[in-house]
Amino acid sequence: LPGAGTCYQQAKRVLHVAVPDRLHAREREMGVIRQFLREYVCGRRPGSLYVSGAPGTGKTACLSRILLDCKDELARSKTIILNCMSLSSPQGVFPAVAQQLGLPAADGREGMRRLEEQLTAKGPMVLLVLDELDQLESKGQDVLYTLFEWPRLPGSRLVLVGLANALDLTDRSLARLGARTAGSPRLLHFPPYTREQLTAILQERLGQVAGDPVLDDAALQFCARKVSAVSGDARKALDVCRRAVEVVELEVRSQTLLKPLPGGE
């Protein structure tokens, strides 16, 4: 089977969870995020955006795509991206931000004072993106409350974007900020992908592989139907298809190895 290996390799490559050039069914959400960044970061206004949605609904992928596309527009501001999963505790977010801002290490109250001074001093806008924000939930929700309070400090130059799986994190932990009052976070929700949307995502990815389709359409429809019924998680759908390709690849490889060679060699 000349070239068979390469078509499976290509299929697995396109099914990897990478940031695609175009995100299906997320035009509205991308428009909201892009507009928010232009209005606040480029418009030099402090503010915050809370992005919620189940895993695999495109939150991180959309934001990553926009940050790549808007690199030039955001060049005059400082962008800090932290995945809160990597922190050993919710309080660890403060020294992590301080380090990114080039501040000397300082603990507790002194560290916080320096951070707040830095974020309210004159200078370029700071865009702070916190992924997996749910990890910062703490007793009394002080960590989250402090973070969302920063853009509201007089003279603040911080724009905060938080991404989380929980839809009601802001209701639970940021009630003190006074929902819907001036300066409270803007909210954006990513709904789970539907069966049609998942099918389109899989077809577009696999359409990048030349030659006959590796997985046929009925299989993609079946995968999309099952995943949309449970979670609407695009990562799950990509994983399932990638594993299916691996299974086929192994079968083909073992058959090829066991065939007798022509001419009785």
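In this predicted model, Gln-100 touches Lys-78 and Ile-80, when residues up to four places away in sequence are left aside. The place of Gln-100 is in helix H4, and with a relative accessible area of 38% this residue counts as partly exposed, because that value falls between the limits of 20% and 50%. The C-alpha atom of Gln-100 is separated by 17 Å from that of Met-85, a residue 15 positions away along the chain.

Helix H4 itself contributes several residues to the interior, the buried ones being Val-93, Phe-94, Ala-96, Val-97 and Ala-98. The cover over these buried residues of H4 includes strand E2 (78-83) and helix H5 (108-120), together with strand E3 and helix H6. Just after H4, Gly-102 takes a positive phi of about 80 degrees.

The aromatic residues were examined next, and the count comes to two aromatic pairs. In one of them, the ring centres of Phe-94 and Trp-150 are 5.6 Å apart and the ring planes stand at 65 degrees, so the pair is classed as edge-to-face, for which the angle has to be over 60 degrees. Phe-94 belongs to helix H4 (residues 93-100), whereas Trp-150 sits in the loop between helix H6 (142-149) and strand E4 (158-164), and the pair therefore ties together parts that are 56 residues apart in sequence. Both members of the pair, Phe-94 and Trp-150, are buried.

Phe-94 is also among the residues touched by Thr-146, which is in contact with Met-112 and Glu-116 as well, again not counting residues up to four places away in sequence. Thr-146 is found in helix H6, and its relative accessible area of 19% makes it buried, because the limit for that class is under 20%.

The loop between strand E3 (126-131) and helix H6 contains Glu-132, and Gln-141 lies in the loop between E3 and H6 too. Glu-132 is not a glycine, yet it has a positive phi of about 55 degrees; for Gln-141, likewise a residue other than glycine, phi is positive and near 55 degrees.

Considered as a whole, the protein chain holds 10 helices and five strands. Its radius of gyration is 23 Å, well over the 18 Å that the globule rule gives for 265 residues, so the chain is more spread out than a compact globule. The C-alpha atoms fill a box of roughly 85 × 40 × 35 Å, taken along the principal axes. Of the 265 residues in the protein chain, 43% are buried.

Technical notes:
Residues are numbered from 1 along each chain as its sequence is written. This is a predicted model: local features need pLDDT of at least 70, side-chain atom pairs count only at pLDDT 80 or more; totals for chains, interfaces and linings use all residues. Side-chain values use heavy atoms; hydrogens and water are left out. Helices (H or I, at least four residues) and strands (E, at least two) are DSSP runs, numbered from the N terminus. The radius of gyration is taken over C-alpha atoms; the globule rule is 2.2 Å times the number of residues to the power 0.38. Buried means under 20% relative accessible area, exposed over 50%, partly exposed in between (1.4 Å probe, protein chains only). Rings of Phe, Tyr and Trp (its six-membered ring) pair if their centres lie within 6.5 Å; planes under 30 degrees apart count as stacked, over 60 as edge-to-face and the rest as tilted. Contact means heavy atoms within 4.5 Å.
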